[in-house]
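Thanks for passing this one along. Here are my notes, point by point, to read beside the model.

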Amino acid sequence: MTPPEPFVPHPRKSPLTTPWEPIFADIREDRWVLAVEVREPHTNSRGNPHGGLLAALADNAMGLSCGVMLSRLKIPSQGLVTVSLGLDYIAAAQLGQWLAFDTDFIKPGKSLCYAEATVSADGKPVARARATFKVV
């Protein structure tokens, strides 16, 4: 699959996400937007993207986005650890749709960083996520 501009292959790999590749990233000045084309390895028994996939990629996008904001504000950090993560599932995405994870709120701090994200399928919201990260 060729991603739309300005998406590139996601440069941060992990053993959890390797089976879900290819994952793409739009790395912006203020945040990261992650995306995948929904394929069978992403689905649950009903053929829709698994809620765990949405949670993991939303967590990844929000954590990376918090890291960008901390760096921009020159808040020292050696990384972030997820303290809490919540998702509200709004609708089901379908095979073949472009699933994007866009962080749209970040409140950085020296010890905690808060973020919210919208998960969309072909531009339509399918989930809302929120997380708290401990600044390491």
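1. A polar contact here is a pair of N or O atoms within 3.5 Å; within protein, one must be able to donate a hydrogen and the other to accept it, and residues adjacent in sequence count only if both atoms are side-chain atoms. The model is predicted, with local features needing pLDDT of at least 70 and side-chain atom pairs pLDDT 80 or more, while totals for chains, interfaces and linings use all residues. Residues are numbered from 1 along each chain as its sequence is written, and side-chain values use heavy atoms, leaving out hydrogens and water.

2. Histidine 10 has a side chain that reaches the backbone nitrogen of arginine 12 at 3.4 Å. Histidine 10 sits in the loop between β1 (8-9) and β2 (24-27), strands being DSSP runs of E, at least two residues, numbered from the N terminus. With a relative accessible area of 2%, histidine 10 is buried (under 20%; exposed is over 50%, partly exposed in between; 1.4 Å probe, protein chains only).

3. Next, the salt bridges (a side-chain nitrogen of Lys or Arg within 4 Å of a carboxyl oxygen of Asp or Glu): the count comes to 7. Arginine 31 and aspartate 102 form one of them, at 2.6 Å, N to O. This pair links the loop between β2 and β3 (32-37) to strand β5 (residues 98-107), 71 residues apart. Arginine 31 is buried at 16% relative accessibility, whereas aspartate 102 is partly exposed at 23%.

4. Arginine 130 and aspartate 88 also meet in a salt bridge, at 3.3 Å, N to O.

Terms used:
Helices (H or I, at least four residues) and strands (E, at least two) are DSSP runs, numbered from the N terminus.
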